[in-house]
Amino acid sequence: MRETDFIGGFARGLSVIEAFDAANPRLSITDISRITGLERATARRCLLTLAQLGYADYDGKFFSLSPRILRLGHSYLTATPLPRLLQPFLDQLSEKTGESASASVLDGNEIVYIARASHKRVMSINLNPGSRLPAYCSSMGRVLLAAMNEGDARGVLENSNRKANTPNTKTTIPDLMAELQLIREQGYAVIDQELEIGLCSIAIPVRNMRGTTIAALNVGAQAPRVTVDEMVATYLPVMQSTRDMLAGLLL
């Protein structure tokens, strides 16, 4: 891409939108400037533009994203056939396993949920299409990282905030790289209460007809009800069967 093709103002506006998250739903101009590194005047113009266009609300001090911002994510979900294609298969998978089933793609050092069939709520947070989780400690994230070459996967891990969510969470680069190698060898990832106490999950890659991993799908369950070994024995074959049915549909 030529330097003249890059629109700096547009890029700055996107960085302002991305500054809002669950921990920062309401931000001032000073907050945005600090988070994004933009000059205060630039942050102010971006925020006021978003407010003028209806993408943000402004109470005179704090800004917050408005429901209109959902149009941006909805555009991806409606324009991309993958979520629509996966949804009925996830519905069947959830019905067969009696657990929630999800699909996600990798975005930087996070996974983004693109489809979900919720059978039971097994996490303290509510997950829907558009929800994000860290890749390093989620089963789908590890599957997607394992599909990358080692250098790229290591780069993602090194740029991740690898905090210990629970006493079980693997956070060191050597441990995580070893885990990714194991996933490559066995073809699936399991998480035993690393993301949240009480939650186990198992994930496998979804590949297109060229053999490229384009997404991951998983099944999550409550740890007191099912062990990791039981998940592998019971859920993995059903998940693999679901993936096999998908294989001929993904170009």
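This is a predicted model: local features need pLDDT of at least 70, side-chain atom pairs count only at pLDDT 80 or more; totals for chains, interfaces and linings use all residues.
Biologist: Let's start with strand β3. Is β3 enclosed or open, and why?

Modeller: Largely enclosed by the rest of the structure, because 6 of its 8 residues are buried. The strand covers residues 100–107.

Biologist: OK, and which strands pair with β3?

Modeller: One is β8, residues 213–222, which pairs with β3 in the antiparallel sense over 5 bridges. There, Ser100 has Gly220 as its bridge partner. β4, residues 110–117, also runs antiparallel to β3, and 7 bridges join the two.

Biologist: What stands opposite Asp107 in β4?

Modeller: Glu110 does.

Biologist: And how many residues sit between the strands in that β3 and β4 hairpin?

Modeller: There are 2 residues between the strands, and Gly108 takes a positive phi near 65°.

Biologist: Back to Asp107. Which side chain does Asp107 meet in a salt bridge?

Modeller: That would be Arg132, at 2.7 Å from N to O. Asp107 is in strand β3 and Arg132 in strand β5 (residues 132–134), so this pair ties together parts that are 25 residues apart in sequence.

Biologist: What about Arg132 and Glu110?

Modeller: Those two form a salt bridge as well, with the closest N and O atoms 3.0 Å apart. This pair links distant parts of the chain too, since Arg132 belongs to strand β5 and Glu110 to strand β4, 22 residues apart.

Biologist: How many salt bridges does the count come to?

Modeller: It comes to 7. Another one of them joins the side chains of Arg34 and Asp31, at 3.6 Å from N to O.

Biologist: Where do Arg34 and Asp31 lie?

Modeller: Both are in helix α2 (residues 29–36), 3 residues apart, which is about one turn of the helix. Arg34 is exposed at 58% relative accessibility, whereas Asp31 is buried at 18%.

Biologist: Why does 18% make Asp31 buried?

Modeller: Because buried means under 20% relative accessible area, and Asp31 has 18%.

Biologist: New topic. How many residues are in the largest nonpolar core?

Modeller: It has 31 residues, and those with the most contacts inside it include Leu90, Ile202, Leu217 and Met239. The elements giving two or more residues to this core are α5 (81–97), β3, β4, β7 (199–207), β8 and α9 (228–247).

Biologist: Which element gives the largest share of this core?

Modeller: α9 does, with 6 residues.

Biologist: You mentioned Ile202. What is Ile202 in contact with?

Modeller: Leaving aside neighbours within four places in sequence, Ile202 is in contact with several residues, among them Ser139, Tyr188, Leu217, Val219, Met231 and Tyr235. There's also a second, separate core of 25 residues, which includes Ala146, Met177, Ala189 and Leu195.

Biologist: Now the surface. Which residues form the nonpolar patch there?

Modeller: Ile7, Phe10 and Leu14 form one, with about 320 Å² of accessible area together. Phe10 is found in helix α1, residues 8–19.

Biologist: Does Phe10 count as buried or exposed?

Modeller: Phe10 counts as exposed, at 55% relative accessibility.

Methods. Residues are numbered from 1 along each chain as its sequence is written. Side-chain values use heavy atoms; hydrogens and water are left out. Buried means under 20% relative accessible area, exposed over 50%, partly exposed in between (1.4 Å probe, protein chains only). Helices (H or I, at least four residues) and strands (E, at least two) are DSSP runs, numbered from the N terminus. Two strands pair if DSSP finds at least two bridges between them. A nonpolar core is a set of buried Ala, Val, Leu, Ile, Met, Phe, Trp, Tyr and Cys residues joined through side-chain atoms within 4.5 Å. Contact means heavy atoms within 4.5 Å. Patches are made of residues with over 30% relative accessible area and no salt bridge: like charges are joined within 9 Å, nonpolar side chains (Val, Leu, Ile, Met, Phe, Trp, Tyr) within 5 Å. Accessible areas come from the Shrake-Rupley method with a 1.4 Å probe; for residues, only the protein chains shown count as cover. A salt bridge is a side-chain nitrogen of Lys or Arg within 4 Å of a carboxyl oxygen of Asp or Glu.
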